[in-house]
Amino acid sequence: MKILVIDIGGTNVKVKVNNDQERRKIPSSSDLTPQVMVTQVLETTKDWEYEAISIGYPGVIKKGKIKTEPKNLGQGWTTFDFEKAFGKPVKILNDAAMQALGSYEGGVLLFLGLGTGMGSAIVAEGSVVPMEMAHLSYRKGTFEDYVGLRGLERMGQEKWEKHVQAVIVRYQAAFLPDDIVIGGGNSKLLSAMPAGCRLGNNHLAFDGGFRMWDNHYH
């Protein structure tokens, strides 16, 4: 099956198909509504062939439906009919969960995405469990306040990194993962990988999108 994967970020919307090595980007902004995105994706991929679509979305997804509007994009996502707009079958997953699925190698995987905020997901025996741990309380705020971009800018690299280490130790104790992947744009800033962790790769989000149509994963 030929699948188009759409990875929606606050800076860019990235697209790729599973029969081609090329990745293409569309700039995203607070003006990006779902209809604008669909129009731009169709224009950007008009020379590609695909039968189905996977979307990685920066927000809460329940039973394949978008439940929260994005923070940095236009509005109207929770009521939009993507299948009707694209005219093809569409599956939607939280963006961190999609990258977690693409990173999965077996057992229990914990994925943490260090970007503007903090994305989190678990994959256990092929089942994806998206989570919203960023907003749980931590110190004098939330996890996101310390390990997201705000924390990095407020405290600087060294202190930020100590909090990342502390958060990972807590999550290891809570979830007992076999494997931890740290992804997101700020993962590259870590001077050393915490014990038991490996560095993610944004390309793995596309692998996750392709796996969404594979019956081995759910």
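Tutor: In β10, the bridge partner of Ser120 is Met131. This is a predicted model, in which local features need pLDDT of at least 70 and side-chain atom pairs count only at pLDDT 80 or more, while totals for chains, interfaces and linings use all residues. Residues are numbered from 1 along each chain as its sequence is written, and side-chain values use heavy atoms, with hydrogens and water left out.

Student: What makes β9 and β10 a pair of strands?

Tutor: A strand is a DSSP run of E with at least two residues, a helix is a run of H or I with at least four, and both are numbered from the N terminus. Two strands pair if DSSP finds at least two bridges between them. β9 and β10 (residues 127-131) have five bridges in the antiparallel sense, and they therefore count as a pair. In their hairpin, which has two residues between the strands, Glu125 takes a positive phi near 50°.

Student: Which way do β8 and β9 run, and how many bridges join them?

Tutor: They run antiparallel, with seven bridges, and a hairpin joins β8 to β9 through three residues.

Student: Why is strand β9 called largely enclosed?

Tutor: A residue is buried if its relative accessible area is under 20%, exposed if it is over 50%, and partly exposed in between, using a 1.4 Å probe and protein chains only. In β9 (residues 118-124), five of the seven residues are buried, so the rest of the structure largely encloses the strand. In β8, seven of its seven residues are buried.

Student: Which residues of β8 lie on each of its faces?

Tutor: In a regular strand the side chains alternate between the two faces of the sheet. On one side of β8 are Val108, Leu110, Leu112 and Leu114, on the other are Leu109, Phe111 and Gly113, and all are buried.

Student: What makes Leu93 count as buried or exposed?

Tutor: Leu93 lies in strand β7 (residues 90-94). Its relative accessible area is 15%, so Leu93 falls under the cut-off and is buried.

Student: How do you know what span α6 should have?

Tutor: The expected span of a helix is 1.5 Å times one less than its number of residues. The 19 residues of α6 should therefore span 27 Å, and the end C-alpha atoms are 27 Å apart, which agrees.

Student: Which residues of α6 are buried?

Tutor: They are Trp160, Glu161, His163, Val164, Val167, Ile168 and Tyr171. These residues cover an arc of only 160° around the axis, taken from the directions to their C-beta atoms, so they are on the same side of α6. On the other side of α6, Glu158, Lys159, Lys162, Val169 and Ala173 are exposed.

Student: How many residues of each class line the largest cavity?

Tutor: There are eight nonpolar, no polar and no charged residues.

Student: How much space lies in the largest pocket?

Tutor: About 1,200 Å³ lies there. The largest pocket is lined by 43 residues, of which Pro58, Asp95, Gly115, Thr116 and Gly117 lie nearest its centre.

Student: What is the volume of the second largest pocket?

Tutor: Its volume is about 250 Å³. Of its 15 lining residues, Ile92, Leu93, Val128, Met212 and His218 lie nearest the centre, and β7 gives the most to this lining, with three residues.

Conventions
Ala, Val, Leu, Ile, Met, Phe, Trp, Tyr, Cys and Pro count as nonpolar, Asp, Glu, Lys and Arg as charged, and the others, Gly among them, as polar. On a 1 Å grid over the protein atoms alone, a cavity is a set of points where a 1.4 Å probe fits but cannot get out, and a pocket is an open set with protein on both sides within 12 Å along at least five of seven lines; lining residues have an atom within 4 Å of a point. Grid points are joined across faces, edges and corners, and a volume is the space filled by probe spheres set on the points.
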